[in-house]
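Could you show me around this structure? I have it open in a viewer and would like to know what to select next and what is there.

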Amino acid sequence: MYRLAKKIFPIYRSITGEGVRETLRILAEECPFLKIHEMLSGTKVFDWEVPKEWEIREAYIENEQGEKVIDFRQNHLHIVGYSQPLDVWVTREELQTYVYTQPDQPDVIPYVTSYYEKRSGFCMSQQMMRALPEGNYHLYIDSAFYDGSMTWGEIVLPGQTEEEICFSTNICHPGMGNNEVSGPCVLTFLAKRLMQQDRRYTCRFLFLPETIGSIAYISRHLAQMQKNIRAGFVVTCVGDDRQYSYVSSRTGDTLADRALIQILKENCPDYVSYSYLQRGSDERQYCAPGVDLPFCVFCRSKFHEYKEYHTSADDLSFISQEGMEHSLQILLKIVQLLEYNRYYKTTILCEPQLGRRGLYPTIGQKGTYDDVRVTQNFLAYADGTHDLMELSNLLHVPVMELAQAADRLYKKRLIKIV
């Protein structure tokens, strides 16, 4: 995953353009199930319209001696995303109207975009701006807009049923490691792992430009998504080594919310929980009124909350092999939990005879019953009204330990799935 991150990190991406296509082609080399889709510029998608495709070829600021003060080729965050072409000389004072800095973090370059309002701009650190001497500066942006298309990727791994677990991440951010190189890399490898497993659920992976991509996808697939998706997860900022974060769905009680909370509670109990009021990624679209899909957000450091977010400090040194690997393991546990999560009901009236089925010690002595207590308690509450997660919380037993008990009881035909 980290090697893949290093491979796609240098590619310039925006919500449209060749950088997105190149990124998806590289992900498809890693996971050949990935299919690439296009939607034409100008296509109406609910209240929005797919924008013109944007191409950026060159952008820099140079001084009167012809020395480049900043160069887009040196750091992709130096250009305001979707900037208009520009070729002007300005004074130092006028320069400040074109340049964006992050005053509260004077040593970083901010990430700035202007997708839906025409403007031209550059970004640099506050320290660099302060150090510029008086004089005239040449601002040059070689960019173009044209009727092209918006691109996204999709992986579908069919299961035994059409019921789906859906994972969504973004592919439009340039020059940042956690947001958003880590999400596509982790989900690509999650898909590779799940390809090797038999599953009840169909698993769908979406690699989308943020906001406009999810809106466009929902506009074309809403009925199918509402019919099939049982749990959805926006996966973003999953490459660092800090605490895990969870952002709830709009209702806060979907199957996705419950599964993510259950796994984080058991494996990363110091995780930070955020309400839907603190949303900020494509959960906004999936959970919108009338769409009402069961999506929540899985992060390590949450967007907007860590100081490196949307700055040049969010580079490859901020993410790690260990950070991404552990995030992958958490996601695998979530899928495993959802696969096991059923409603179970006993098939025997009163307490079954466990001894003759090899589930209870045949010698009765104090201290010999502890090992079977989980099995007995499972049967005591298996009345068809509690799913596995509810049983786990009722019995205070880790959910996958309870899943093993369920498997033993199911094989002995002492419980059934309802």
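Here is a short tour, stop by stop.

This is a predicted model, in which local features need pLDDT of at least 70 and side-chain atom pairs count only at pLDDT 80 or more, while totals for chains, interfaces and linings use all residues. Residues are numbered from 1 along each chain as its sequence is written, and side-chain values use heavy atoms, leaving out hydrogens and water.

**The cores**

Start by selecting Phe 167, Phe 205, Phe 233 and Phe 378, which touch the most other members of the 78-residue largest nonpolar core. Such a core is a set of buried Ala, Val, Leu, Ile, Met, Phe, Trp, Tyr and Cys residues joined through side-chain atoms within 4.5 Å; buried means under 20% relative accessible area, exposed over 50%, and partly exposed in between (1.4 Å probe, protein chains only). Helix α9 (residues 321–340) gives the largest share, nine residues. Helices (H or I, at least four residues) and strands (E, at least two) are DSSP runs numbered from the N terminus.

Now zoom in on Phe 233: its contacts (heavy atoms within 4.5 Å) include Ile 165, Ala 256, Phe 295 and Leu 338, not counting residues up to four places away in sequence. Next, pick Phe 72, Met 225, Tyr 274 and Phe 318, which are among the 53 residues of a second, separate core.

**A buried loop residue**

Move to Ser 114, in the loop between β7 (99–100) and β8 (122–123). Is Ser 114 buried or exposed? Ser 114 is buried, with a relative accessible area of 6%.

**Salt bridges**

The structure holds 19 salt bridges, each a side-chain nitrogen of Lys or Arg within 4 Å of a carboxyl oxygen of Asp or Glu. Select Lys 192 and Glu 30, whose closest N and O atoms are 2.7 Å apart. Lys 192 sits in helix α5 (residues 182–194) and Glu 30 in helix α2 (residues 18–30), so their bridge ties together parts 162 residues apart in sequence. Lys 192 is partly exposed at 24% relative accessible area, and Glu 30 is partly exposed at 27%.

Then try Glu 154 and Arg 204, a salt bridge with its closest N and O atoms 2.6 Å apart. Strand β10 (residues 149–157) holds Glu 154 and strand β12 (residues 202–208) holds Arg 204, so this pair joins parts 50 residues apart in sequence. Glu 154 is buried at 8% relative accessibility, and Arg 204 is buried at 10%. For a last stop, select Glu 18, Arg 21, Arg 25, Glu 38 and Glu 53, which salt bridges with shared partners join into one network.
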